[in-house]
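Could you have a look at the structure below while you read my comments?

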Amino acid sequence: MKQLWLGLIVILVLFLSACSNENSPPDVDALVYENAKPLSDFTLNDQRGELVTKQQFVGQWNLVFLGYTSCPDICPLTLAKLNAVYKNLQADYPLQIWFLSVDPKRDTPAKRKQYIDYFNPDFLAVSGEHKHLFPVVRELGLIYAISDSSESEYAVDHSASVAMVDQNGAVRAIFKPEFKQGSVPLINATILAEEFKKIADYYKN
């Protein structure tokens, strides 16, 4: 009888442990918001010159990366990685990749289209005036800084992180880049895809 009770207790403990693990938030390195941060309405333009609003986030998962077409390293390398992530996930998750240009002065719609088509023509390459752009970037939990230089060639400082926006148009997580000595900060495509799945599965509607 004693052995029967012990057996029942072990089964109960294992059952409760499984339930607890199932309901626990995903164990990931990404910064995850338990309560997703809703985005305010905004008005920007894509690479075809068409209007883009908050509504474009709704109905699928979204990964958003800041950059500019003249960026020498972080931007092209990150977009290549995001293309790999996209190909890894798109069969199982509705997903849109956003390249948010923070250099509207040089990055015209035509230039953004030529640039993004090199990586994946299905991606969005969005920009707009700084007065419209900066509030969106801030709410995404990202940052950029651009000088007032009159020079034609200049650099733009921007986050190397990738924001994850959920199907309701709210920021759910931020994937941070890896920092390795002698290298530019870049996301790890394999880890991002794995953590994306955990987060999306846990917080799915």
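Here are a few points on helices and charged pairs.

1. A reminder before the details: this is a predicted model.

2. Let me begin with helix α4, residues 130-139, where L133, V136 and V137 are the buried residues. They lie on the same side of α4, because they cover an arc of only 100 degrees around the axis. The cover over these buried residues includes β2 (44-45), β4 (61-67), β5 (95-101) and β7 (144-146). On the face turned away from the buried side, α4 carries the exposed residues K131 and R138. After α4 comes G141, with a positive phi near 85 degrees.

3. Next, the pair α2 (residues 74-89) and α3 (residues 109-119): their axes are 9 Å apart, and the packing angle is about 50 degrees. The two helices are therefore oblique to each other. From α2, C75, P76, L79, A80 and N83 meet Y115, I116 and F119 of α3. By class, this contact has 7 nonpolar residues, 1 polar and no charged ones.

4. On charges, the count is 6 salt bridges. Within α3, D117 and K113 are 4 residues apart, about one turn of the helix, and they form a salt bridge with the closest N and O atoms 2.7 Å apart. D117 counts as partly exposed at 28% relative accessibility, and K113 does so at 33%.

5. K131 is exposed at 60% relative accessibility, while E129 is partly exposed at 49%.

6. Finally, do look at D103, R106 and E153, which are linked in a network of salt bridges.

Technical notes. Residues numbered from 1 in each chain as written. Predicted model: local features only at pLDDT ≥ 70, side-chain atom pairs only at ≥ 80, totals over all residues. Heavy atoms only, no water. Buried < 20%, exposed > 50% of the residue type's maximum accessible area, 1.4 Å probe, protein only. Arc of directions from axis to C-beta. Contact = heavy atoms within 4.5 Å. Axes fitted to C-alpha atoms, helices over the stretch in contact; angles between N-to-C directions. Parallel < 35°, antiparallel > 145°, perpendicular 65-115°, else oblique. Nonpolar A, V, L, I, M, F, W, Y, C, P; charged D, E, K, R; others polar. Salt bridge = Lys/Arg side-chain N within 4 Å of Asp/Glu carboxyl O.
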